[in-house]
Amino acid sequence: MEKMKLFAGIIVLGSLWGFAECIIGPAIGDAGLPSGTIMTSVFAIGLMMMSRILFKQRGMQLGMGLVAGSLRLFNPFGGCVVCSAIAIAAEGLIFEIIWYKMSLDFRELKTITMKLSMGIVTAYSCYVGGYIITQILTPMVASTGFYVENLIAFMPQILARGLLAAIVGGITIPSIFVLKNFNINNVKDRVYYPTTAAISLLCWVAVITNAIFIIGT
Amino acid sequence: MLMGKEKLIPLAAMIVILIGAGASAYVYTTQTATDNITINGQQYTIDQIFNIAESRTFDLLNFSGIALDDLVIKTGVGCLECHEYTIIGDDGYQKTVTWENIKKGLLTKDGMTVFSDLPKAYRIKNVVKIEVI
């Protein structure tokens, strides 16, 4: 596959992930729903899995995490922004590590049990990993200092909250497999590049406009 | 003999579910349900705390309550700058802050800490304990 096509794929899917973190996540939180769980198990895992299925390339998910994390920096609300950005990028890295040994044609994931199991393991690891990273980084950035005993005392809560993320992830990944027969190479360049560019641009403009609007009010 | 992926992955998923379920059970059984707050080893009710400490409001953040620094002083802690303060919620969530942070903090009527100089991660809900360390 052309490198340019992969690059455009990383940008568009990473931008969609970042858009979800900045705009959809807070709205879900305001509605009283577990936004962290939904963000990781549906949007992050769903988009990363989509990229793996459509492009069949390793490394894309880390790139997507970096793009999404960068977009998060343009939305300076909701606590430690740098910590959130790093945690998002870390979720991409955790996904890459978990899926590193999996074949790119997904021959191991023929049964629903395997797909469901990978969904559970991936969502739980990304959620718990991202949570722990935020808990370590926030006190450091806030200059109060990191106290390991504070993290240890809260670990049962983090591990418990990951359960819902794992269950939702177990539904997300098998669902994304409906795209398995879609061949991204069949999409003509004259459609692919303008579409990916337009969606990416829209995500960035929406997030930056939202930030300016909130700061202005 | 190495375990194949078709066995290893479902096993890993089962372990993950067991860890999550075990942690949930632990959290449920150890969660503290109390209306009292222990500060430096002494128990107070929320009403007592609101009677002894002066009020504070963060207009920009839209929060009001009692001043954490005044509360710590009134509960008899000596050498305020020599200590750090660990604030613990009923779910085990805890954060350690300095006296400088305490001076910019408040405790709301529903038992949540808010600091004007710290991120939202320091908004600890249902505070049950403030340890002086």
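Reader: How many Å separate the centres of domain 1 and domain 2 of chain B?

Author: Over C-alpha atoms, 38 Å separate the two centres. This is a predicted model. Domain 1 of chain B covers 1–30, and domain 2 of chain B covers 36–132.

Reader: Which elements make up chain B, and in what order?

Author: Chain B holds 4 helices and 9 strands. From the N terminus on, the order is α-β-β-α-β-β-α-β-β-α-β-β-β. Of the 133 residues, 31% count as buried. Take the contacts in chain B between residues at least 6 apart in sequence: 52% of them join residues at least 24 apart.

Reader: What makes β3 and β8 of chain B edge strands?

Author: The pairing decides. The sheet is open, with 4 strands in the order β3-β4-β7-β8 of chain B and antiparallel pairing. β3 (55–58) and β8 (113–115) of chain B each pair on one side only, which is what makes them edge strands. On average, neighbouring strands of this sheet are turned by 45° against each other, direction ignored.

Reader: How do you know that β7 and β8 of chain B pair?

Author: Count the bridges. Pairing needs at least two. β7 (residues 105–107) of chain B has 3 bridges to β8 of chain B, so the pair passes the cut-off. The two strands run antiparallel. One bridge joins B:Leu107 to B:Thr113.

Reader: What makes β1 and β9 of chain B a pair, and in which sense?

Author: They have 2 bridges. At least two are needed, so β1 and β9 of chain B count as paired. The sense is parallel, between residues 36–39 and residues 127–132 of chain B. B:Ile39 stands opposite B:Ile130 there.

Reader: Which strand pairs with β9 of chain B over 5 bridges?

Author: β5 (residues 84–89) of chain B, in the antiparallel sense. B:Thr86 stands opposite B:Glu131 in that pair.

Reader: What makes phi of B:Asn62 worth a remark, and is B:Asn62 buried or exposed?

Author: Phi is near 65°, a positive value in a residue other than glycine. B:Asn62 is in the loop between β3 and β4 (63–67) of chain B. Within 10 Å there are 8 other C-beta atoms. The limit for exposed is 12 or fewer, so B:Asn62 is exposed.

Reader: Why is A:Phe106 called partly exposed?

Author: The count is 17 other C-beta atoms within 10 Å. Exposed needs 12 or fewer, and buried needs 20 or more. The value 17 falls in between, so A:Phe106 is partly exposed. Its phi is also positive, near 60°, in a residue other than glycine. A:Phe106 lies in the loop between α4 (81–99) and α5 of chain A.

Reader: Why does A:Ser51 count as buried?

Author: A:Ser51 has 26 C-beta neighbours inside 10 Å. The cut-off is 20 or more, so A:Ser51 is buried. A:Ser51 belongs to helix α2 (residues 35–55) of chain A.

Reader: Which residues does A:Ser51 contact, leaving aside neighbours within four places in sequence?

Author: A:Gly9, A:Leu13, A:Met60, A:Gln61 and A:Met64. A:Thr144 is 93 residues from A:Ser51 along the chain, and their C-alpha atoms are separated by 39 Å.

Reader: How many residues does each chain give to the contact, and which element gives the largest share on the side of chain A?

Author: Chain A gives 25 residues and chain B gives 28. On the side of chain A, α5 (112–141) and α6 (148–176) are the elements that give two or more. The largest share, 10 residues, comes from α6 of chain A. By kind, that side of chain A divides into 15 nonpolar, 9 polar and 1 charged.

How values were computed. Residues numbered from 1 in each chain as written. Chains lettered and ligands numbered in written order. Predicted model: local features only at pLDDT ≥ 70, side-chain atom pairs only at ≥ 80, totals over all residues. Axes fitted to C-alpha atoms, helices over the stretch in contact; angles between N-to-C directions. Domains from an automatic or database assignment. Contact = placed C-beta atoms within 7 Å. Nonpolar A, V, L, I, M, F, W, Y, C, P; charged D, E, K, R; others polar.
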